[in-house]
Amino acid sequence: RRVLVDRFDERALAAGEPYVTLHRRFAHAWLHHRTALYGVAKHIGGMAFSYSLKGDDIAPTRPIDPDLQRRAIEALVAALSPDELRIPDRVSALLAPPPMGWDSGWGWHTDAGTLESIADPVFDPIHTAHRLAFEIVGLVLDPGRLARSASFHARDPAFPGPDEVIGSLLEATWGQTAPANSHDAALLRVAQRSVLDGLIDLASQPQTPIGARAAAEARLRTLTQTLGSGRSRQITATENAHRRAAQADIERYLAGEDDPLHRPRPEPITLPWP
């Protein structure tokens, strides 16, 4: 993925093709690691199993090794870093809107693989990063995955439980200092926002196991206290607004007044084909 993104440029176009076509081709390059992300996520609360028969001498089930689960957690939270969410400025400059009257044969406004956003006709790398970050958080905070983590952890504390999984996400996002680079600071904010919305969604879903819900709510309470005490004149107005909005959303949830429609979550990017 890094090689594809680092080398992506006009060479992806044939002579005479409009630059808007690069939207579809860059989507494949930037999301080249999606299959790997899904595969790694299955290690968290994961279990190896076989359709063995009596007499096979093969264990029918075996939880994934705890150390391997923690490596999977580390890999997924690392994918939320600004370095991994950043789209190079030179690539953003290439992703032009469609020419007037151009018929591509595919729907610019209906094909999510175009990476379009509400900033249309301008390509928005921050919104695109938010869409990917929220998808990654959703993989980690899947209720069924955390239910399995809670079950394995209850039987053997060596396995990472829901609180450890949630704590890793928070440390990798809300536990980080805003970068001096404004672009990277914006990327960290979308990762933080993805984790916040993912935690509130997890805690509010009926199918979430009690252990995971308790861990999510406890972490949300701690986060709102941190946000309330961490305001400083040294942070930017944008950062302060981001923190205040996050605290307000947590407080609304804890007060039973959460409205998901007021916490807009970005849709996953649907890869176009071909």
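Modeller: Ser 149 counts as buried, because its relative accessibility is 1% and buried means under 20%. Please keep in mind that this is a predicted model. Ser 149 is found in helix α8, which covers residues 143-155, and, when residues up to four places away in sequence are not counted, Ser 149 touches Ile 44, Gly 45, Pro 160, Gly 161 and Pro 162.

In soluble globular proteins, nonpolar side chains tend to be buried together. Here the largest nonpolar core has 58 residues, and those that touch the most other members are Phe 26, Trp 30 and Leu 141. Several helices each supply at least two residues of this core, among them α2, α7 and α9, while α10 gives the most, with nine residues. Leu 141, leaving aside its neighbours within four places in sequence, is in contact with Leu 146, Ile 166, Leu 169, Gly 198, Leu 199 and Leu 202.

The aromatic rings come next, and a search of the whole structure finds three aromatic pairs. In one of them, Phe 8 and Phe 26 are arranged edge-to-face, with 5.1 Å from centre to centre and 65° between the planes. This pair links distant parts of the chain, because Phe 8 lies in the loop between α1 and α2 whereas Phe 26 is in helix α2, 18 residues apart. Both Phe 8 and Phe 26 are buried.

Another pair is formed by Phe 49 and Tyr 51, whose ring centres are 5.7 Å apart and whose planes stand at 75°, so this pair is edge-to-face as well. Phe 49 and Tyr 51, however, are exposed. Phe 49 has its place in strand β1, residues 47-49, and, with Met 47 and Tyr 51, Phe 49 makes a nonpolar surface patch of about 410 Å².

Notes
Residues numbered from 1 in each chain as written. Predicted model: local features only at pLDDT ≥ 70, side-chain atom pairs only at ≥ 80, totals over all residues. Heavy atoms only, no water. Phe/Tyr/Trp six-rings, centres within 6.5 Å; stacked < 30°, edge-to-face > 60°. Helix = DSSP H or I, 4+ residues; strand = E, 2+ residues; numbered from the N terminus. Buried < 20%, exposed > 50% of the residue type's maximum accessible area, 1.4 Å probe, protein only. Core = buried A, V, L, I, M, F, W, Y, C linked by side-chain atoms within 4.5 Å. Contact = heavy atoms within 4.5 Å. Patch = residues over 30% accessible without salt bridge, like charges linked within 9 Å, V, L, I, M, F, W, Y side chains within 5 Å. Areas by Shrake-Rupley, 256 points an atom, 1.4 Å probe, with all protein chains shown as cover. Salt bridge = Lys/Arg side-chain N within 4 Å of Asp/Glu carboxyl O.
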